Amino acid sequence: MANPLPRSFALAETRRRYEATPRSLDDDLQRMARGDRGCLGDAVSGVGALGILVSGVLGYMGLLGMGFMAVFAAMLIAGFVLSAAAQTRSGPARYKALTEGPLALGRVVRADPALFEPGDVPHPALVVFAVDAPHRFDPAYLHGVAAALLALRDAPTAPADQADVAAMLRDPNRVAPLQLPPALAGAGEAWLGVVSVDPRRLPARRVEDNLVPVIAAPGLGFVEHV
């Protein structure tokens, strides 16, 4: 197997493809532009599908009326409608973000350890990134902000203006982009956000130097690994 391309080449190629805006969406970005289905609709559909299976078996055995299957079938349909509606609402925002959002480097602050080993399975990662031109591709700046964030995470208390940031650093369920206050961001406009990192898009199929390229439009609630 050929050796993986060095990170410098990979970033240069990513910048060639995606740095200019407004950008045309290639096949990879077109797939990302599909709206989010949302958790609620998928959950309702899942319960409906499972309910149809279970009630069908129990109905066949004479232990449950077949009317229950109709109820679960309605749940399956309702879940599909909810998911389709969520996708329709989020699709235009994702398309706008992918077309106009700046390309930047994201510095990983928290991630599944599997992302640091060669692999093929995407995992979520909390990253800090900058959207102002002087700092978008400045690893030294990003590493410095990340060090401040890790110190905040481990501190027993957080200043009032950093309380939301500390909460996001400690809570894996908080994913929406959050702007950092000047005490943490310094001269840049830096944000925290959660991305799904796909190792197949990385030159060594793993995160190197804690850096991954992202397209970010935090005003639209969007940041995505590319």
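Start at the surface. Select Leu50, Leu53, Val54 and Val57: together they form a nonpolar patch with about 370 Å² of accessible area. Patch members have over 30% relative accessible area and no salt bridge; like charges are joined within 9 Å, and nonpolar side chains (Val, Leu, Ile, Met, Phe, Trp, Tyr) within 5 Å. A salt bridge puts a side-chain nitrogen of Lys or Arg within 4 Å of a carboxyl oxygen of Asp or Glu. Areas come from the Shrake-Rupley method with a 1.4 Å probe, and for residues only the protein chains shown count as cover.

Before moving on, note that this is a predicted model: local features need pLDDT of at least 70, side-chain atom pairs count only at pLDDT 80 or more, and totals for chains, interfaces and linings use all residues. Residues are numbered from 1 along each chain as its sequence is written, and side-chain values use heavy atoms, with hydrogens and water left out.

Stay on Val57. It sits in helix H3, residues 39-60. Helices (H or I, at least four residues) and strands (E, at least two) are DSSP runs, numbered from the N terminus. Is Val57 buried, partly exposed or exposed? Its relative accessibility is 43%, so Val57 counts as partly exposed. The cut-offs are under 20% for buried and over 50% for exposed, with partly exposed in between (1.4 Å probe, protein chains only).

Now show the sheet. It is open, has six strands in the order S3-S4-S2-S1-S5-S6, and pairs antiparallel. At its edges stand S3 (178-179) and S6 (222-225); each has a single partner strand, so one side of each lacks a neighbour in the sheet. Two strands pair if DSSP finds at least two bridges between them.

Select Arg107 next. What stands opposite Arg107 in S2? Val128 does. In S5, Leu211 stands opposite Arg107. S1 (residues 103-111) and S5 (residues 211-217) pair antiparallel over five bridges. Five bridges also join S1 to S2, again antiparallel.

Move to S2. Seven of its eight residues are buried, so this strand is mostly covered. Eight bridges join S2 to S4, and the two run antiparallel. Pick Val127 to find Gly193 of S4 opposite.

H5 lies across S1, S2 (123-130), S4 (190-197) and S5, at about 30° to S1. Axes are lines fitted to C-alpha atoms, for helices over the stretch in contact, and angles run from 0 to 180 degrees between N-to-C directions.

Follow the chain to Gln162, in the loop between H5 and helix H6 (163-170). Gln162 is buried, with a relative accessible area of 10%. Leaving out residues up to four places away in sequence, Gln162 touches Leu152, Pro181, Ala183 and Leu184. Contact means heavy atoms within 4.5 Å.

Finish with the backbone. Most residues other than glycine have a negative phi, and most peptide bonds are trans. Select Thr21 and Pro22: a cis peptide bond joins them, with omega about -5°. Pro22 lies in the loop between helix H1 (7-18) and helix H2 (27-32).

Then go to the loop between S4 and S5, which holds Arg205 and Asn210. Phi is positive, near 60°, in Arg205, and phi of Asn210 is likewise near 60°. Arg205 is partly exposed at 36% relative accessible area; Asn210 is partly exposed at 25%.
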